[in-house]
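Please prepare a briefing on the secondary-structure elements of this model and on how they pack and pair.

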Amino acid sequence: MELCDTPAYELAVLLRQKRTTATEILNSCLARIEAVDGRPGTLEPQPATLPEDAGKVHAFITLMKTHAMQQAQAVDEKLAAGEDPGPLAGIPVTIKDIFCVRGAPATAASRILANFVAPYTATPVTRLEQAGAVVLGKVNLDEFTYGSSNESSAFQPSTRNPWNPERVPGGSSGGSTASVAAGEAPLSLGTDTAGSIRQPAAFCGVVGLKPTYGRVSRYGLIAFASSLDCPGPVARNVTDAALMLQAIAGPDPQDATAANVPVPDYLAVLDEGVRGLRIGLSPDYFRITYPNPETGEMEEQPVPEEMTAAVRRAAKLLAEMGAEIVEDVPMPNTRYGIPAYFVISRVEAASNLHRYDGVKYGYRTPDAQNDLRLMYRRSRGQGFGPQPKLRILMGMYVSAAQYSAQYYNRALKVRSLIRRDFDQVFDRSGRYRLDALLTPTTPTTAFPMAAVYGNSVMMQYADQLTVPANHAGVPGLSFPGGLAADGMPIGLQLLGPDFSEATLLRIARSYELATESDAWRKVKPKVLR
Amino acid sequence: MTDTISRAMFDHLVDLAALELTPAEAEYLLQQMNNQLKSIAELVAIPLDEDTPIASHGVPYTAEMSPQLRLDLVRPCPNVDEILAQAPQVNERYVIVPDIPHATLE
């Protein structure tokens, strides 16, 4: 196995045993990037498409090769001097280009921030660096994270799915999950506002963890919906996700919502098994409700049989290992997650996007030298793509004085109902007393490029099974659960009570062990075959 | 009955949002907003008790888990020039903007 395909926790051991160096690990990742990534995303690439773009991953916007080489060298020097270089020493990590890293562009995949160079570093990135990780570069995403496919990025070509480059990688952390799936880096830092870590993790066959809201600091994260945004790890296996969460979690004086809750030792309990844990299955997560694209009427459909079968098989394996499976758990407000999200996230996004005005930083139009108001309108009109514009306008509409009671206040009340669903099933003295819910992560596998993009309603419904956790603030973990008939990965999701990441990781690790010898685990993404 | 965003309402929002749109963009955005509104209409049908609380966060922040607020102290910024260098137009460390046109208040 090449170093770039080796799990982070194994690399950490190899490094300490002096069987490899941080520089060798980095060179292996750089060689993989050279082989599979193709040209990085840019504004208006000339020409727009090249024959050699086909079959490439296009995960990167900014490859920070020199910076990464310096960091790897520093790790090697520490090791040579007998110093402790940190738990993630020499592990390359990609960063979703929505986080600030001092001295590097922070584009949010938008023209309006294309020329912005971050003057400070986000807390989760600082913590990764303090743990010895090597920051390899900034990876692509949907513009300002607004999407579920990566196609809305202003930096084209947008990221493709390593399992089939004709399919989307999911989003918005599609650059993160694709870079990890393709072996360009063992770890990536993503964000999840409605499923933006878990959905692309499912689509790309990797592990993605949305921690409890407040578990990981948002300082240095370019805000989308401030009450929903969660930074979290993307990895190829559960142990690596635990290793990364250990490094980035915890209180932060720079973020008043970073909860003052001690961080447990995630690795210490990872192999404790599932005996005695109560894991629920809810019929409300085996069906989706969505508007018919023709009529607009709401329709209900079961999730595809192969997704249901993957969840059922996981439940059976976990039961054989001693977990108690609880059937028919009611989560009746799941279906309202997307309508409520349409309101809450838009209001928060509109508020956060008002700061981009062409004055202090970012894009300013060259076409309005003598009129401030025209400069605002043109800079924002030319700088934002369609998805940010849509969120600004919708957010302003649903929060307008005459509509806010009907929409915004109502959505915030529905958010309470969604939270109540989780409180009731996780209540220690309640009827269900669950440790976790087991569900499919997504209603489908990765869809073809251009199949959904442009239809903002259908794109949003890709997050139907992930968004309730964001409303409720609870943690959610997506992990690979097999391959579908179309050859694309299926993601399984665990949802748990606040700050129960250790339990979710434990359950997923047990499943990983139980399926270790499954044939699908030997199949590689198409770009690596 | 679903509300519909009229063209006049849309134009008003565009003005408030300080966005200059092409006609094609405006048409696409208005259509998408009305499609989203149909989905949002589901919320209106949900029976809600008068006393259902609003939730601004999912996780309830107790006193123990809420971090202490930082003291409101002035701190020197170590990289003022680096930050000023991000501004599109600067003159002697002042950020420059185009003229603000005079408008007669109605």
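Predicted model: local features only at pLDDT ≥ 70, side-chain atom pairs only at ≥ 80, totals over all residues.

Residues are numbered from 1 along each chain as its sequence is written, chains are lettered from A and ligands numbered from 1 in the order in which they are written, and side-chain values use heavy atoms, with hydrogens and water left out. Helices (H or I, at least four residues) and strands (E, at least two) are DSSP runs, numbered from the N terminus.

**Helices of chain A**

- Helix α2 of chain A (residues 22-36) has 15 residues and should span 21 Å at 1.5 Å a residue, which agrees with the 21 Å between its end C-alpha atoms; the expected span is 1.5 Å times one less than the number of residues.
- Among the buried residues of α2(A) are Ala22(A), Ile25(A), Leu26(A), Cys29(A) and Val36(A), where buried means under 20% relative accessible area, exposed over 50% and partly exposed in between (1.4 Å probe, protein chains only).
- The buried residues of α2(A) pack against α1 (8-16), β2 (60-63), α3 (65-80), β3 (92-96) and β4 (134-139) of chain A, contact meaning heavy atoms within 4.5 Å.
- After α2(A) comes Gly38(A), with a positive phi near 75°.
- In helix α5 of chain A (residues 174-181), eight of the eight residues are buried, and these pack against β3, β4, β6 (187-192), α6 (198-204) and β8 (230-235) of chain A.

- Helix α12 of chain A (residues 405-426) packs against helix α2 of chain B (residues 23-44) at an angle of about 65°, with the axes 10 Å apart; axes are lines fitted to C-alpha atoms, for helices over the stretch in contact, and angles run from 0 to 180 degrees between N-to-C directions.
- Tyr407(A), Arg410(A), Ala411(A) and Val414(A) in α12(A) meet Leu37(B), Ile40(B), Leu43(B) and Val44(B) in α2(B).

**The open sheet of chain A**

- In chain A, 11 strands form an open sheet with mixed pairing, in the order β2-β4-β3-β6-β8-β7-β14-β15-β13-β9-β12; two strands pair if DSSP finds at least two bridges between them.
- The edge strands are β2 and β12 (324-326) of chain A, each of which pairs on one side only, and the twist averages 30° from one strand to the next.
- β2(A) and β4(A) run antiparallel and are joined by three bridges, with Leu63(A) opposite Gly137(A) in β4(A).

**Strand β15 and its partners**

- Strand β15 of chain A (residues 489-495) has seven of its seven residues buried, with Pro489(A), Gly491(A), Gln493(A) and Leu495(A) on one side and Ile490(A), Leu492(A) and Leu494(A) on the other.
- Strand β13 of chain A (residues 436-440) runs antiparallel to β15(A) with four bridges, and Leu438(A) stands opposite Leu494(A).
- Strand β14 of chain A (residues 476-483) is joined to β15(A) by six bridges, also antiparallel, and Leu477(A) has Leu494(A) as its bridge partner.
- β14(A) and β15(A) form a hairpin with five residues between them, and Gly487(A) in the turn has a positive phi of about 80°.

**The β10-β11 hairpin**

- Strand β10 of chain A (residues 287-291) is largely enclosed by the rest of the structure, because four of its five residues are buried.
- β10(A) pairs with strand β11 of chain A (residues 298-302) in the antiparallel sense over five bridges, and six residues lie between the two strands of this hairpin.
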